[in-house]
Amino acid sequence: MAAAGAAATDVEVVRGKRAALFFAAVAIVLGLPLWWKTTETYRAPLPYSQISGLNALQLRLMVPVTVVFTRESVPLDDQEKLPFTVVHEREIPLKYKMKIKCRFQKAYQRALDHEEEALSSGIVQEAEAMLAEPQEQAEGSLTVYVISEHSSLLPQDMMSYIGPKRTAVVRGIMHREAFNIIGRRIIQVAQAMSLTEDVLAAALADHLPEDKWSSDKRRPLKSSLGYEITFSLLNPDPKSHDVHWDIEGAVRRYVQPFLNALSVAGNFSVDSQILYYAMLGVNPRFDPASSSYYLDMHSLPHVINPVESRLGSSAASLYPVLNFLLYVPELAHSPLYIQDKDGAPVTTNAFHSPRWGGIMVYNVDSKAYNGSELPVRVEVDMVQVMEVFLAQLRLLFGISQPHVPPKCLLSGPKSEGLMTWELDQLLWARSVENLATATTTLTSLAQLLGKISNIVIKDDVASEVYRAVAAVQKAAEELASGHLASAFVASQEAVTSSERAFFDPSLLHLLYFPDDQKFAIYIPLFLPMAVPILLSLVKIFLETRKSWKKPEKID
Amino acid sequence: MAAAMPVALVVLLLLWPGGPVLAEAPRDSLREELVITPLPSGDVAATFQFRTRWDSELQREGVSHYRLFPKALGQLISKYSLRELHLSFTQGFWRTRYWGPPFLQAPSGAELWVWFQETVTDVDKSWKELSNILSGIFCASLNFIDSTNTVTPTASFKPLGLANDTDHYFLRYAVLPREVVCTENLTPWKKLLPCSSKAGLSVLLKADRLFHTSYHSQAVHIRPVCRNARCTSISWELRQTLSVVFDAFITGQGKKDWSLFRMFSRTLTEPCPLASESRVYVDITNYSQDNETLEVNPPPTTTYQDVILGTRRTYAVYDLLDTAMINNSRNLNLQLKWKKPPENGYIHYQPAQDRLQPHLLEMLIQLPANSVTKVSIQFERALLKWTEYTPDPNHGFYVSPSVLSALVPSVVAAKPVNWEESPLFNTLFPVSDGSSYFVRLYTEPLLVNLPTPDFSMPYNVICLTCTVVAVCYGSFYNLLTRTFHIEEPSTGGLAKRLANLIRRTRGVPPL
């Protein structure tokens with residue numbers, strides 16, 4: 001009876017064990033994957049390794065330089081060796097994670113007949129006009145003509161000449177080492193016309209550590225797809241001054257040609273407005289010596305803020321706004337001058353604030369007050385104003401004075417106020433800046449997504465990331481092969497795609513779903529279910545271990 | 001703002017001087033006007049209107065130059081191809097029974113209605129973007145306008161300006177009755193004025209006085225109007241209106257007398273030099289014949305008589321551009337003292353779709369004389385989704401006010417008015433003939449109490465369900481895994497000993 005009872009109990013115990021194991025198996029095999037699958041956040045795969053690879057990207061900026069030798073420029077036996085190609089490569093030392101190398105690929109060739117003819121003329125502008133017609137040069141490329149040592153094309157003391165387009169002229173030499181000497185001169189000229197440390201450092205100003213480059217150098221406007229330019233005439237005293245400005249004509253004559261030349265770098269829209277009773281934030285000081293008023297340099301930053309609230313937000317677009325203010329001081333404070341650090345009045349009576357715009361003070365001619373009653377009609381001299389504003393516009397875009405090598409003649413500016421190679425320089429800088437921005441954005445996005453596992457990554461976000469990575473790589477390739485225009489387009493696409501991925505609102509949906517709430521919901525279900533399973537598993541484990549040890553003891 | 005630095009100009013740009021600049025007539029003009037109306041109840045209503053007219057085809061693309069017209073709104077017109085825009089912010093309710101008919105009423109909260117040009121392809125998208133931008137410009141919650149509170153009226157809200165055809169597809173209308181109007185809405189509105197608040201009538205716009213009133217309504221109306229009599233080309237008109245009703249008894253210590261200084265705590269000091277017309281009208285109807293009842297100081301130089309809202313009214317006119325007006329006393333403080341206390345039918349119904357669009361009921365009714373018409377609507381209260389409740393659900397939910405647009409026959413036949421010459425307050429609504437006038441009235445918004453659930457309910461439900469599941473599961477699990485076997489009774493065990501102790505004290509034999 002007892003044995004039968006014990007046997008029955010044993011059967012019961014085994015059945016109980018099996019049931020417990022089965023429960024555990026169902027919970028693990030069926031329950032856990034089901035729970036995992038239903039609560040999973042959707043995360044599309046991203047090219048993490050490629051993104052981290054972008055940080056170590058080596059940028060090779062290739063500048064194709066065509067060097068054309070005329071007949072008497074180098075010794076005859078040297079001419080026999082033409083044509084051939086020389087590559088000059090140099091690393092640009094910047095404290096930036098991206099290594100940037102500058103590569104001048106010089107293709108030496110002999111001049112064609114029509115080029116010989118053009119360069120034999122006496123005046124350099126004429127020669128240029130004859131040369132420019134047959135071929136249109138690609139963006140970013142340069143052509144350097146080497147003329148004979150005694151040519152009268154350039155003044156006798158000048159060794160080289162930089163033209164307004166993509167051409168330059170260098171004087172040749174009759175020497176055994178002719179190619180080496182000329183090669184060095186060509187590099188000097190080509191650097192002045194395309195890539196220098198200054199240009200790239202200014203372009204990367206946001207990404208470089210604060211040092212001598214970024215702190216005292218100007219910070220150019222950030223790269224964007226478009227820009228809004230607003231000219232505002234501030235008339236704080238309409239009772240005394242009835243100010244008129246022919247802004248429509250001025251924009252048409254001076255600003256539009258400049259912007260047309262710049263149109264490769266972005267879309268521009270121009271507006272103008274007149275604001276009355278708009279005061280500056282600072283009270284000017286009176287200078288009894290010259291009976292005039294002045295604003296000193298350290299008070300200039302306070303001038304802008306109160307005016308800015310009246311300027312009106314550019315509600316209709318997302319592009320950055322450049323403000324150019326023409327301030328006609330009120331009668332009680334005129335004439336008004338801006339003083340520089342040393343207390344001397346600034347000749348242009350204007351100042352600019354990087355990435356914001358420029359302000360110019362326009363004093364009404366004191367003769368106008370004689371004999372006429374208020375308000376005095378004031379016609380603004382738009383040539384004087386636009387000269388200042390256009391110069392400020394160039395500075396805001398980071399187009400600086402070129403570093404001309406010694407004994408080099410610089411041609412006069414074109415009518416648009418912008419030389420073609422300056423535009424190329426801007427495109428180089430913008431491409432590098434765009435690549436840096438896109439890389440930074442992608443890296444931080446990848447970091448963020450890696451750190452926070454709650455974020456949903458939708459397919460369209462992932463595709464934007466892929467597109468951005470591909471565009472960065474394409475831009476780097478195009479830069480290395482010297483196709484500036486397509487590189488710039490690709491770099492813009494990289495920035496746009498990467499920012500669109502980074503700022504996609506779908507990333508935020510589940511971001512603030514805290515863990516404690518999740519556990520508060522899970523615990524009432526999971527705890528009562530898991531505890532019996534775990535306890536019986538532990539019990540079974542202990543018993544089997546005991547039963548394994550028992551036979552050993554018998555032995 | 002980043003550090004500013006003087007520019008040393010080394011770059012010489014090749015600029016050539018332009019031709020002689022022709023002095024041309026200004027293509028934009030500003031008229032400003034203030035109407036002060038003593039109301040039958042003793043309150044005082046002040047209505048400002050600032051009208052900027054701009055002779056320009058804004059729709060044309062290209063460079064735009066703004067002088068008096070504000071750039072922010074001009075850019076909106078050209079970017080979103082607007083034909084008309086009407087935006088009002090109102091605090092309080094115009095009590096027609098006590099105050100008489102208003103020049104211009106607006107519903108409580110924010111109201112926005114916009115006619116788009118026919119060239120707009122995706123009206124809903126433009127409407128959404130536009131309301132977002134306006135919300136930024138006027139610091140208001142217009143960004144809460146979405147498809148759930150937007151309607152497209154088919155009979156009311158015809159364009160107020162020039163319009164060739166009126167396809168209501170291009171009209172959008174929305175009201176936010178919950179919107180609270182405050183100083184931050186007034187400041188951007190004042191910034192749109194050419195003279196800001198530095199000169200002219202806008203000096204009186206002092207926020208702390210304007211919001212200390214029984215009714216405050218500010219509005220922006222943009223519409224195209226004829227440029228000349230033959231209407232060969234269009235101009236854009238921006239009207240900024242502001243109506244306030246001052247409680248005269250409170251500010252005037254029980255008297256109905258008022259003055260500009262008492263109402264606005266400012267006086268008029270100088271005219272806006274940009275305005276081509278700057279006038280103050282004071283309603284002195286019925287009292288002008290005998291100077292016994294009231295006295296206006298300074299005495300008006302001219303008066304203006306016309307049929308306004310169906311009755312003949314007389315106004316004292318003060319022209320600020322008249323140099324003698326202000327120069328005599330350096331400032332102008334208008335005062336008024338009372339000497340004696342004075343004595344077919346069309347129905348369009350568009351049912352709501354849940355969470356997509358609201359109900360729209362429009363009726364065109366001809367009312368018989370001396371009759372009462374009641375329109376009542378039954379509705380059921382329903383539970384919303386729990387995320388759709390506002391943070392204070394017990395406050396209730398607003399139902400937008402209903403609108404009554406009517407052509408009321410005039411008591412006196414008005415003479416045909418010259419559109420450009422007559423004062424602004426009389427020409428906002430186009431009137432076909434003089435025998436009737438147009439009124440638009442709004443009722444109060446309705447506050448409905450919806451049933452509000454217990455918001456901790458979802459979590460309670462989760463906990464309860466989990467507990468039930470866990471209890472079922474637990475007993476099931478126990479049943480399946482426990483082994484049952486008969487156990488010999490044994491002495492010992494704390495419980496048994498305790499039980500025996502108790503049994504012994506009770507005198508019962510132990511177990």
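1. A residue is called partly exposed when its relative accessible area lies between the buried limit, under 20%, and the exposed limit, over 50%. At 32% relative accessibility, B:Cys182 therefore counts as partly exposed. The model discussed here is predicted.

2. B:Cys182 takes part in no disulfide, and the nearest cysteine sulfur, which belongs to B:Cys139, is 11 Å away. B:Cys463 is likewise in no disulfide. For B:Cys463 the nearest cysteine sulfur is that of B:Cys466, 6.6 Å away. A disulfide needs the two sulfur atoms within 2.5 Å.

3. How many disulfides are there over all chains? The count comes to two. A disulfide is a covalent bond between the sulfur atoms of two cysteines. When the bonded cysteines of chain B are numbered in sequence order, the pairing reads 1-4, 2-3.

4. One disulfide joins B:Cys195 to B:Cys272, with the sulfur atoms 1.9 Å apart. B:Cys195 sits in the loop between helix H4 (183-191) and helix H5 (207-210) of chain B, and B:Cys272 sits in the loop between helix H7 (260-264) and strand S12 (277-283) of chain B, so the pair ties together parts that are 77 residues apart in sequence. The torsion about the S-S bond of this pair is about 75°, so the disulfide is right-handed. Both B:Cys195 and B:Cys272 are buried.

5. The other disulfide is formed by B:Cys226 and B:Cys231, whose sulfur atoms are 1.8 Å apart. Here the torsion about the S-S bond is about -70°, so the disulfide is left-handed. B:Cys226 counts as partly exposed because its relative accessibility is 26%. B:Cys231 counts as partly exposed as well, at 29%.

6. Helix H9 of chain B covers residues 457-481, which makes 25 residues. From its first C-alpha to its last, H9(B) reaches 35 Å, close to the 36 Å expected at 1.5 Å a residue. Which residues of H9(B) are buried? They are B:Cys466, B:Ala470, B:Tyr473, B:Tyr477 and B:Thr481. An α-helix has 3.6 residues a turn, so residues three or four places apart point the same way.

7. The largest cavity holds about 60 Å³ of space. Helix H5 (124-132) and strand S6 (167-171) of chain A are the elements that give two or more residues to its lining. H5(A) gives the most, with four residues. The lining residues of the largest cavity include A:Leu119, A:Tyr145, A:Leu153 and A:Tyr161. By type, the lining divides into nine nonpolar residues, one polar and one charged. A:Glu128 and A:Thr167 are also among the lining residues.

How values were computed:
Residues numbered from 1 in each chain as written. Chains lettered and ligands numbered in written order. Predicted model: local features only at pLDDT ≥ 70, side-chain atom pairs only at ≥ 80, totals over all residues. Heavy atoms only, no water. Expected span 1.5 Å × (residues − 1). Buried < 20%, exposed > 50% of the residue type's maximum accessible area, 1.4 Å probe, protein only. 1 Å grid on protein atoms, 1.4 Å probe; cavity = no way out; pocket = protein on both sides within 12 Å on 5 of 7 lines; lining within 4 Å. Points joined across faces, edges and corners; volume = space filled by probe spheres on them. Nonpolar A, V, L, I, M, F, W, Y, C, P; charged D, E, K, R; others polar.
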